[in-house]
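Morning, everyone. Please have the sequence and the model open while I talk.

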Amino acid sequence: MFENLSERLDKSFKLLKGQGKITEINVAETLKDIRRALLDADVNFKIAKKFTDDVKEKALGQEVLTAVKPGQLMVKIVKDELAMLMGGTFADIQLESKPAVILMSGLQGSGKTTFTGKLGNMLKTKKGKNPLLVAGDVYRPAAIDQLKVLGEQIGIPVYTEEGNMDPVKIAKAAIKLAKEKGHDVVIVDTAGRLAVDEQMMNEISAIKKAIDPDEILFVVDSMTGQDAVNTAKEFNDRLDFDGVVLTKLDGDTRGGAALSIRSVVEKPIKFVGTGEKVDALDVFHPDRMADRILG
Ligand code: GDP
C-alpha cells in the first residue's frame, strides 16, 4: 500500500538530511519533490499545491533553516500535514439508536456487499452487537446470494425478500423485524451501478428518506484514484453521507483517493478494507496512516 509514495517522499527528504547547512533552495527543492510525489500518487493538482504551500508555511514558522535536525523536523511537519489532509482525528460511526441503521452506498464492484459482511462481523465480534444484514441489491440475485453466504459464514442473519423488487419496502420491513427481534444494528446493502446514474441516485435517496439512517457510508475502491474522488463528490452532493469506506487498500493503490477524498467532500474516512476475507477491515486513523506512509 502506497509503497511508491512512501519511497518518493522518503527520497525527497534526502536533501535535508545529513546536509551541513540548509538553504532556502534545499527546502524549495524538497517541497517540489513532495508535490511531484503527490501528483504521481494521483492526488489532485490543487490539493497537492495547497499541501506543499501549507508545509512551506509551517517550515518557515518552525524555522527549519536553523533547526538542529532540519530533515527530521521536515518529516514531522509533512507527517502532521498528511494526517490533517486525511481528516486529522479518528471518526467513529453512530450506533446510539435502537436499532442503529447503517446504509451503504457506492458503485457496483466497490466492495459494498463485502464491507456489509465485514462491518457486521466487526460489530458482532468486537462490540458485542447483534446485527441484521439487509439484502437491498434487488437487481442482482448474485449479490443477494453473496450476502447470504457471508451471513452464514459469520453467523449473522440476512434479511431478504424473494421476488420483491422494492428496496425501500425491504429496508423498512427489515428495520421493523429488527425491532421485534431485538437487533441493535441494521446494515442495509444497496444496488450500485458501474457509473453514477440518475436511477441509482433516485433509488438510494428514496431509501435514505424512508429509513432515515443513523449513518450513511460511501464505499469506494481506492484503486480508482481521482475517479474515486469524483464519484464521492457526486454521491455526497446527493446523499450528504457521513463517512467513507476505502476498499482494496491491500492492492497496489497509489494513495490518491485516501489523500484527496477528505478535503474534496469534507467527510471523514471511517474504515479501510484490506483484503477479500471477512476480517480484512480496519478502522481508519489518519495519524497512523500518515505514520505508515512516512515509515
Ligand atoms: P459490490 O458490488 O460493491 O457489492 O462489491 P463486492 O462486495 O461484490 O466486491 C467486489 C469485489 O471486490 C469482490 O471480488 C470482493 O472480494 C473484492 N473486494 C472487496 N473489498 C476488498 C478489499 O478490501 N480488498 C480486496 N483485495 N478485494 C476486495
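Ground rules. This is a predicted model, where local features need pLDDT of at least 70, side-chain atom pairs count only at pLDDT 80 or more, and totals for chains, interfaces and linings use all residues. Residues are numbered from 1 along each chain as its sequence is written, and side-chain values use heavy atoms, with hydrogens and water left out.

Ligand. How many residues surround the ligand? The count is 17. A residue is near a molecule if one of its heavy atoms lies within 4 Å of it. The closest are Gly109, Thr113, Thr114, Asp250 and Glu276. By class, the shell has 1 nonpolar, 10 polar and 6 charged residues. Here Ala, Val, Leu, Ile, Met, Phe, Trp, Tyr, Cys and Pro count as nonpolar, Asp, Glu, Lys and Arg as charged, and the others, Gly among them, as polar. Helix α5, residues 112-127, gives the most to the shell, with 4 residues. Helices are DSSP runs (H or I, at least four residues), strands likewise (E, at least two), numbered from the N terminus.

Now polar contacts, meaning pairs of N or O atoms within 3.5 Å. A backbone N or O atom of Gly109 sits 2.7 Å from a ligand oxygen. The side chain of Glu276 also places an N or O atom 2.7 Å from an oxygen of the ligand. For Gly275, a polar backbone atom is 3.3 Å from a ligand oxygen. The protein covers 80% of the 590 Å² of accessible area that the ligand has on its own. That area is Shrake-Rupley, with a 1.4 Å probe.

Helix packing. Axes are lines fitted to C-alpha atoms over the stretch in contact, and angles run from 0 to 180 degrees between N-to-C directions. Helices α2 (24-40) and α3 (45-61) pack at about 150°, axes 9 Å apart. The two are therefore roughly antiparallel, the label for angles over 145 degrees. Next, α9 (225-239) and α10 (256-265) pack at about 25°, axes 9 Å apart. That makes α9 roughly parallel to α10, the label for angles under 35 degrees.

Backbone. Which kind of peptide bond joins Lys98 and Pro99? A cis one, with omega about -5°. Pro99 is in the loop between α4 (70-85) and β1 (100-105). Glu63 has a positive phi, near 50°, and is not a glycine. Glu63 lies in the loop between α3 and α4.

That's my tour.

Notes: Polar contact = N/O pair within 3.5 Å; in protein donor to acceptor, adjacent residues only side chain to side chain. Parallel < 35°, antiparallel > 145°, perpendicular 65-115°, else oblique.
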